[in-house]
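Q: Hey, I'm new to this one. Could you walk me through it?

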Amino acid sequence: METASVLLHSRTVPFGFNLKGNPIVSCRHFSKRVQSKGLYPLQSLNPIQNPSSFSLTLSRSSPTLERKRTHLFSPAKCSFTGTSSSNSENPLLKPLKNLSFDSLKTSLSQLTPVKIVKWAGIASIAIAAAKWTVNLAFNPFFWMYFSWSWIFWPWFVAIALAFYGLYCFRKHSIGEASIIEQLAIVTSAFTWLTLVPPAYFNGYLQGWPFVFFFVYHYFFFFNVSVRKRLYGDYYARPHDPKWDVNPPKWYRLLFCVGVMVGHWLAAFEGPELHQIPGGRSNVGIWILIVATLLMQYNSTWYLAKYSEKIVVPTAVVQFGPYRWVRHPIYASTMLLFATYFVALRAPLSLLFVVAVCIMYYEQKAKLEEVLMVETFGEDYSEYASKVRYKFIPFVY
């Protein structure tokens, strides 16, 4: 009774088996069974009608072990067979089934010099790619760049962010990007402008690249903050599409590529960023940063005050930064890039990016000024004659 009581109250799922002298064993009613000579037959498994009648009997005359299932669920579904099917052949071995020395000799005799060169080239490329992949996988600087400020910048994060930024940009191009996705676009772009190039050429990050990573965010979201201040949200209002003035797509693409190349050239030109002195020598850079941010914000705010839905102007703006140059928003963008290159001590890259910006914004400013003259007529012509400089005061 003690044994029966233990089995009845055990947490183990109680399955029942009756083992007698049949050479077939099965866990359920399958047609396939395992042949075994030393085991006993399986009889029907019936649930115990009265749990108190559970018993375990052993006798010499009938060496039978009876254990009946008391659980509600059906037994485990399993079935085994000891016979192997002749049709179960490994498909990977089929090409080698008819392989012989004669067939190999025939194949080699049919090779031409062109085929030999082709396969040799494929093998060389495959070996080189495998070697490059293995070396890259075991190179610690591929996975992360170590910073003197104890900040790690993993490569795979930058690559993943770039792909996600491209995905968000595709949604933005069809007008379906959310605020988070728009933020992802600029974050991925600024990552590959300010963080990845110095990390690639130095093996670490510190100082100005981190500062300008956040300055770029702050700078390019001023127009969004103005929308929030005027309308209470961040979304652009529907407006007349004629005010969406842009040069051709290939011109915009060349501008983006030029700005990206300029930032990489700056990181290559001044690689030893840890040797840039701090303290008073960088006060001028901080002054330029503050001036850039103020110029961008004031230009956007004055333009919004004299515009409908921010985009459509209702008057010729002649206040604030517009007293000095006719296109202060574009001028502030060029000043931002110039400040970054000054911080990295990269004068050649500075000249390159300024030239790229002037070429692009010159075309865009021409289109905008034609539209302004059509809209405001003599008022804008008088303003243009009074404020002669487009981007750089007293220079251009």
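A: Here is a quick tour, one topic at a time.

A: This is a predicted model, so local features need pLDDT of at least 70, side-chain atom pairs count only at pLDDT 80 or more, and totals for chains, interfaces and linings use all residues. Residues are numbered from 1 along each chain as its sequence is written, and side-chain values use heavy atoms, with hydrogens and water left out.

Q: How many helices and strands does the protein have?

A: There are 14 helices and eight strands. Both are DSSP runs numbered from the N terminus: helices are H or I with at least four residues, strands are E with at least two.

Q: And what share of the residues is buried?

A: Of the 396 residues, 31% count as buried. Buried means under 20% relative accessible area, exposed means over 50%, and partly exposed is in between (1.4 Å probe, protein chains only).

Q: What about contacts between residues at least 6 apart in sequence?

A: Among those, 69% join residues at least 24 apart. Contact here means heavy atoms within 4.5 Å.

Q: Which residues have the most contacts inside the largest nonpolar core?

A: Phe212, Tyr216 and Tyr361, in a core of 41 residues. A nonpolar core is a set of buried Ala, Val, Leu, Ile, Met, Phe, Trp, Tyr and Cys residues joined through side-chain atoms within 4.5 Å.

Q: Which helices supply at least two residues of this core?

A: They are α7 (179-202), α8 (208-220), α10 (249-269), α11 (283-305), α12 (328-343) and α13 (347-376). The biggest giver is α12, with nine residues.

Q: What is tyrosine 361 in contact with?

A: Leaving aside neighbours within four places in sequence, tyrosine 361 is in contact with Phe255, Tyr330, Thr333, Met334 and Phe391. There's also a second, separate core of twelve residues, including Val245, Leu371, Phe376 and Val387.

Q: Back to α12. How many of its residues are buried?

A: 13 of its 16 residues are buried, so α12 is largely enclosed by the rest of the structure.

Q: What span should α12 have, at 1.5 Å a residue?

A: It should span 22 Å, and its end C-alpha atoms are 22 Å apart, which agrees. The expected span is 1.5 Å times one less than the number of residues.

Q: What follows α12?

A: Arginine 345, whose phi is positive, near 55°. Its place is in the loop between α12 and α13, and arginine 345 is partly exposed, with a relative accessible area of 36%. As background, most residues other than glycine have a negative phi.

Q: What is the phi of phenylalanine 394?

A: Near 65°, a positive value in a residue other than glycine. Phenylalanine 394 sits in the segment after α14 (378-386) and is exposed, with a relative accessible area of 65%.

Q: New topic: where does arginine 326 lie?

A: In the loop between β8 (312-313) and α12. Arginine 326 is buried, with a relative accessible area of 10%.

Q: Which side chain does its side chain make a polar contact with?

A: The side chain of arginine 326 makes one with the side chain of glutamate 369, at 2.9 Å. A polar contact is a pair of N or O atoms within 3.5 Å; within protein, one must be able to donate a hydrogen and the other to accept it, and residues adjacent in sequence count only if both atoms are side-chain atoms. A polar atom of the arginine 326 side chain also lies 3.1 Å from the backbone oxygen of arginine 388.

Q: Last one: which residues does the UniProt annotation "transmembrane region" cover?

A: The unreviewed UniProt entry gives 150-167, 179-201, 207-226, 283-304 and 335-361. UniProt positions are in the numbering used here, feature names are shortened, and annotations may be inferred rather than shown by experiment. In the model, residues 283-304 are 100% helix and 0% strand, with end C-alpha atoms 32 Å apart. Residues 335-361 are 89% helix and 0% strand, and there the end C-alpha atoms are 13 Å apart.
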